[in-house]
Every structure is written in structure tokens, then in C-alpha cells.
Amino acid sequence: MFDLYSEILLDHYRLPRNKGRLEHPTITVEGVNPLCGDELTFDLEFDGDRLKKVAFTGKGCAISMASASMLTEILQGKTTAEVEVWIANFREFIREGHAPQGVDMGDMTALSGISKLPVRVKCATLPWTTIEEGLHRYLGK
Ligand code: ZN
């Protein structure tokens, strides 16, 4: 277990990026992982086809919180199409245990050992499934 808690992961857990609420969210979406007790709320502010701002609040284990923090760094300012690509990238990354070819996962690379721990996969994936729900709600899917 301990090699999962790399410095990068702990850094995001202790100093989460984009934690808090937005003043004018377009969409607010909540996600829960009952297996671990992780709870997340994302505020998403869209400007046309761009995710202009993203912020989160919540509580849970280090993996879910760090994954949420990393997600906000990656997705802030991306277009809705790019967000969909990143959701797919993340799924492949978690399934395979390494980044898709030609993709730099950045700090998210710290989560590469997760694929071997099915219970923890749910923690790491929660922010991404929650964001996907928010995106689809915005797009009217
Ligand atoms: Zn968890």
C-alpha cells in the first residue's frame, strides 16, 4: 500500500488545488463512493464549449481527494471535447496501469499502482465519473 502514497499524492491531499466553491457554477454535481465513504461535490462553470472553472469540496480518503485535485488541474480551461478525451484517457490509464501512448498524465502518474487494487480504483475514479455526469448534464446527453 505504502508505495501508493507517494509524495505527489500526499502533496495533493494536503494542499488540494481548486478546493472550494464557485460563485456562479453552471452545474453542481455530487458523487459518492459508499465502499470507502468518499463524497465529492464539483462546481463547474462553463463558457460556451469551454470548462472555464472547476472547483471541488468533499471528504474521503487520500486517493479520492488527491485524484479530485489532480483532475481540476488537468481539466480547468479545457473544451468539453477535450474533457471527454481526458475522461477516456483516465479510464485507460487506470485499467492498464500506465498512461495511454503519447499522453502525459502529469501528477496523475502517481496513481499508476491503483489498477492492481480494485477497491482503490473506485476511489481514484470517483472524481472522473462525477465530472462525466456533470459534463453530460451540461451537454444535455
Ligand atoms: Zn476512498
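Analyst: Helices and strands here are DSSP runs, numbered from the N terminus (helices: H or I, at least four residues; strands: E, at least two). The model is predicted, so local features need pLDDT of at least 70 and side-chain atom pairs count only at pLDDT 80 or more, while totals for chains, interfaces and linings use all residues. Residues are numbered from 1 along each chain as its sequence is written, and side-chain values use heavy atoms, with hydrogens and water left out.

User: Is Thr130 buried or exposed? Which residues does Thr130 touch?

Analyst: A residue is called buried under 20% relative accessible area, exposed over 50%, and partly exposed in between (1.4 Å probe, protein chains only). Thr130 has 2% relative accessibility, so it counts as buried. Contact means heavy atoms within 4.5 Å. Not counting residues up to four places away in sequence, Thr130 touches Val29, Glu30, Gly31 and Phe42.

User: Which residues have the most contacts inside the largest nonpolar core?

Analyst: In soluble globular proteins, nonpolar side chains tend to be buried together. A nonpolar core is a set of buried Ala, Val, Leu, Ile, Met, Phe, Trp, Tyr and Cys residues joined through side-chain atoms within 4.5 Å. Here the largest such core has 37 residues, and Phe42, Leu75, Met108, Leu111 and Ile131 have the most contacts inside it. Among the elements that each supply at least two residues of this core are β1 (27–33), α2 (62–75) and α4 (118–139). The largest share, nine residues, comes from α2. Leu75, leaving aside its neighbours within four places in sequence, is in contact with Leu51, Val83, Trp86, Trp128 and Ile131.

User: Why is α2 described as largely enclosed?

Analyst: The reason is that 13 of the 14 residues of α2 are buried, so the rest of the structure largely encloses this helix. After α2 comes Gly77, whose phi is positive, near 90°.

User: How do β2 and β3 run?

Analyst: Two strands pair if DSSP finds at least two bridges between them. β2 and β3 run antiparallel and are joined by nine bridges. They form a hairpin with two residues between them, and Gly48 in the turn has a positive phi of about 65°. Asp47 stands opposite Arg50 in β3.

User: How many disulfides are counted? Which residues coordinate the zinc ion?

Analyst: A disulfide is a covalent bond between the sulfur atoms of two cysteines. It is assigned to a pair of cysteine sulfur atoms within 2.5 Å, and the count comes to zero. Metal donors are N, O and S atoms within 2.8 Å of the metal (3.2 Å for Na, K and Ca); water is not among the atoms, so sites may look incomplete. The zinc ion is coordinated by Cys36 (SG), Asp38 (OD), Asp38 (OD), Cys61 (SG) and Cys123 (SG), at 2.2 to 2.7 Å. Cys61, in the loop between β3 and α2, and Cys123, in helix α4, are 62 residues apart and link distant parts of the chain. Cys61 is buried at a relative accessible area of 15%, and Cys123 is buried at 0%.
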